[in-house]
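Dear colleague,

I am handing over the structure we spoke about, and my notes on it follow below. Please read them with the coordinates open.

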Amino acid sequence: MTSPAHPKRQDWRNAAVAAADAAARFIAHESISRHTLAWEEKSATDFVSRVDVGAEERIRDMLTARIPGIRMVGEELSADAHPEQGLAAIVDPLDGTTNFLHGFPNYGVSICIALDGVPQAAVVHDVARGGVLHATASDGAFLDSSRLQVSATTSPARALIGTGIPFKDVSQADRYLRQLRRLMPIVSGVRRAGSAALDLSDVARGRFDGFWELFLNPWDLAGGVLLVREAGGRVTDLDGRDARLTSGAIVASNGILHDWFLGMLNEGDDSDPDPT
C-alpha cells in the first residue's frame, strides 16, 4: 500500500531530515558523557533522560519554524496530542533510550510528517550505526541516496524476524510467548534489538523479512510504517488491516510472507490461557 501524496511532501521530508540530523548530532555528543546522565523513570522499565527531551526540543523548534501550522506529537513533550488530526509531526526523539543509556549501539531518531493520519514523509536517523533512511509518499524509500527494497524471501524457513518484547505491559507476555514458540521452530531466527523504528527500517532494508510487536505508540511506528510501505512491504495490525498511526499491535513484512506471518501469530485463540 502506498499513501496519497501531497505536493509539499518532499519539502516536509527535507525539513524532517534536517531536524533529525540536528537531534542526532546532539545525541551523539551527549553519548560521550552518558555515564553521568540522570535517569528518570516513566515506569518501572521505561526511562527518559535530558537527552530525549533536548533532542525533541531541537526537532520541535526546527519543524515549527520550517512548516507553518504543524502540530507536534512527541514522546516527551506532547504525548497526548492526536496523531491523526491535521498536519502533524509524529516524533520519537530517541528511540532506544535504554540502549543509549547502556551504550548498546542501536538507537535513533524517528520523524513522520502525516496529514490527517496519512504518512507523507518520514525519516529514521540511525545515530549509533550511521545512515539516514527517508521516504515520501509514492516516491519510494531510500538509505541516504540508495533506493530501498524489502527482501524477496519466500520461505519461512529462511526468514529472519524482528520483534519487540512486551516489557511495558507484562499482561501480554503469555500471548507473546505463545506466538514466539510457534515461530521459533520454523524461521531461521528471531531478533530483539530494542528500537522499533530501526526494526521497521531493517524490514525496509531487507535485513528483516518481518517484524511484530503487540503494542507500540504512534511515535514508535509512524516513521517506519512509511519506510516499509515505500520499500514494497506491508504493514498491518494483527487482523490484517492497514496499520494506522495510532497505538496498538503492528505486523510488518516483505509482503510475500505477510499472510503466512499473520496466520502464525493468530493461530488459535491467543486471548485464552495456553491449553498446555
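A residue is called buried here when its relative accessible area is under 20%, and Trp-212, with a relative accessible area of 0%, is therefore buried. Please bear in mind that this is a predicted model.

Tyr-176 also counts as buried, at 4% relative accessibility. The rings of Tyr-176 and Trp-212 have their centres 5.4 Å apart and their planes at 25°, so this pair is stacked. Since Tyr-176 belongs to helix α4 (residues 173-183) and Trp-212 to strand β12 (residues 210-216), the pair ties together parts that are 36 residues apart in sequence. Both rings belong to one aromatic cluster, which is formed by Tyr-176, Trp-212, Trp-260 and Phe-261.

The structure holds four aromatic pairs, and one of them, formed by Phe-100 and Tyr-107, is edge-to-face, at 5.2 Å centre to centre with 85° between the planes. Phe-100 and Tyr-107 are both buried. Elsewhere, the charged end of Arg-58 sits over the ring of Phe-26, at 3.8 Å from its centre.

Turning to the helices, the axes of α5 (residues 196-204) and α6 (residues 218-230) come within 8 Å and cross at roughly 5°, and the two helices are therefore roughly parallel to each other. On the α5 side the contact is made by Ala-196, Ala-197, Leu-200, Ser-201, Val-203 and Ala-204, which meet Asp-220, Leu-221, Gly-224, Val-225, Leu-227 and Val-228 of α6. By class, this contact has nine nonpolar, two polar and one charged residues.

Note on methods
Residues numbered from 1 in each chain as written. Predicted model: local features only at pLDDT ≥ 70, side-chain atom pairs only at ≥ 80, totals over all residues. Heavy atoms only, no water. Axes fitted to C-alpha atoms, helices over the stretch in contact; angles between N-to-C directions. Helix = DSSP H or I, 4+ residues; strand = E, 2+ residues; numbered from the N terminus. Parallel < 35°, antiparallel > 145°, perpendicular 65-115°, else oblique. Contact = heavy atoms within 4.5 Å. Nonpolar A, V, L, I, M, F, W, Y, C, P; charged D, E, K, R; others polar. Phe/Tyr/Trp six-rings, centres within 6.5 Å; stacked < 30°, edge-to-face > 60°. Buried < 20%, exposed > 50% of the residue type's maximum accessible area, 1.4 Å probe, protein only. Lys NZ or Arg CZ within 6 Å of the ring centre and 35° of its normal.
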